[in-house]
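Please open the model in a viewer and keep the selection panel at hand.

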Amino acid sequence: MTGGDTGGRLVRPFTLTGGRTRPSRADFTLITTVTALDPQPARAVRPQPEHLRILRLCAEPVAVAEVAARLDLPVSVVVILLSDLLEAGRITARPPHPVDRATPDLDLLQKVRDGLGRL
Amino acid sequence: MAGSDRAAPAPTAPASPAAPEAVKILIAGGFGVGKTTMVGSVSEIAPLRTEEPLTAAGLDVDDLAGIEEKRDTTVALDFGRISIGRELVLYLFGTPGQQRFWFMWNDLAIGALGAVVLVDVRRPESSFAAIDFFERRGIPFVVGVNGFHGRHPYPAEEIREALALPEHVKVLLCDARERASSRDVLIALIDQLIDAAASAAAS
Ligand SMILES: Nc1nc2c(ncn2[C@@H]2O[C@H](COP(=O)(O)OP(=O)(O)O)[C@@H](O)[C@H]2O)c(=O)[nH]1
Ligand SMILES: [Mg+2]
């Protein structure tokens, strides 16, 4: 059985955030990367103006803190709006790289070091 | 290639640009030590700022006791960004200076690679609280001694002793206004993390 429903297109983006059917504000940290889906899902309901502003901002991947700063809105407000957009299937949210102090990720650290060295 | 009935790897958002993963480093220290200056000197974008009303930040009403203008109080966060290739982005967050905003530091510290504590040698005590904060929570940090007017009256070793820092904590003389100098402080932090990882793996 290779259910066609696992083939990707029908996997709604917020299943990436842990399989819940409803996204929650806890899905967003300051450095969660949000990206507008392109194309946007066809919907009867038009997004609100502030939702549209966010969608325009995250046409390219951008961190939650950056959305808040560029819209001059508190992070707490932006997170509510982003939750709406995630629930509507209009954006994807990529969590930050996990940091586990007990088992440091040497590969990641080396990448960061190399990147800084290029500055 | 095994069976033809194998499911295709689940594409996520096919037409969206691939989102990078983010990591963060905190820039801490007392008021006016040069945190925002350092963020700005290495960031690829002009430093950004968010203002969070205290009530929205989830503070107990009791915690607001003693804060004069409760309704208007906001916590400002400065931050900048350094792209590490296409898949990884490093964010730098300047921590809010005032100690009453420490609840914000806790949130900020979650998931951080580590921290830079900036020290102004003319008033090192303004950074003691930041050093204590990271030490107590076991969050790795380096100390950057920001030489105002480019002056470094004390060698790094003397400052380490004065701050009672353990041997593995690097102390660097720096100039937060200089990109290369700020970059070197960040590299020192990463090197310290790599050293710690290597010695943990060896033992
Ligand atoms: N002369 C000199 N001034 C600096 C240096 N670093 C910061 N400043 C200035 O000190 C003031 C406080 O710096 P700022 O980065 O805002 O401190 P913060 O409160 O830690 O964010 C600003 O006016 C900076 O321009 C430095 O290395 N040398
Ligand atoms: Mg500042």
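The contact of α2(A) with α3(A) comprises seven nonpolar, no polar and no charged residues. In this classification Ala, Val, Leu, Ile, Met, Phe, Trp, Tyr, Cys and Pro are nonpolar, Asp, Glu, Lys and Arg are charged, and the others, Gly among them, are polar.

This is a predicted model, in which local features need pLDDT of at least 70 and side-chain atom pairs count only at pLDDT 80 or more, while totals for chains, interfaces and linings use all residues. Residues are numbered from 1 along each chain as its sequence is written, chains are lettered from A and ligands numbered from 1 in the order in which they are written, and side-chain values use heavy atoms, with hydrogens and water left out.

Now display the whole of helix α2 (residues 64-71) and helix α3 (residues 75-87) of chain A, which pack at an angle of about 110° with their axes 9 Å apart. That makes α2(A) roughly perpendicular to α3(A), a term covering angles of 65 to 115 degrees. Helices here are DSSP runs (H or I, at least four residues), and strands are runs of E of at least two.

Staying in chain A, select A:Ala36 in strand β1 (residues 33-36). A:Ala36 is buried, with a relative accessible area of 8%; buried means under 20% relative accessible area, with a 1.4 Å probe and protein chains only.

Move to chain B and show helix α1 (residues 35-42) with helix α5 (residues 179-202), whose axes come within 8 Å and cross at roughly 100°. α1(B) is therefore roughly perpendicular to α5(B). Their contact is made by B:Met38, B:Ser41 and B:Val42 of α1(B) and by B:Arg179, B:Ser182, B:Arg183, B:Val185 and B:Leu186 of α5(B). By class, it has four nonpolar, two polar and two charged residues.

Finally, centre on B:Arg183 in helix α5 of chain B. Is B:Arg183 buried or exposed? B:Arg183 is buried, with a relative accessible area of 19%. Leaving aside residues up to four places away in sequence, B:Arg183 touches A:Leu116, A:Leu119 and B:Val42.

Notes
Axes are lines fitted to C-alpha atoms, for helices over the stretch in contact, and angles run from 0 to 180 degrees between N-to-C directions. Angles under 35 degrees count as roughly parallel, over 145 as roughly antiparallel, 65 to 115 as roughly perpendicular and the rest as oblique. Contact means heavy atoms within 4.5 Å. Buried means under 20% relative accessible area, exposed over 50%, partly exposed in between (1.4 Å probe, protein chains only).
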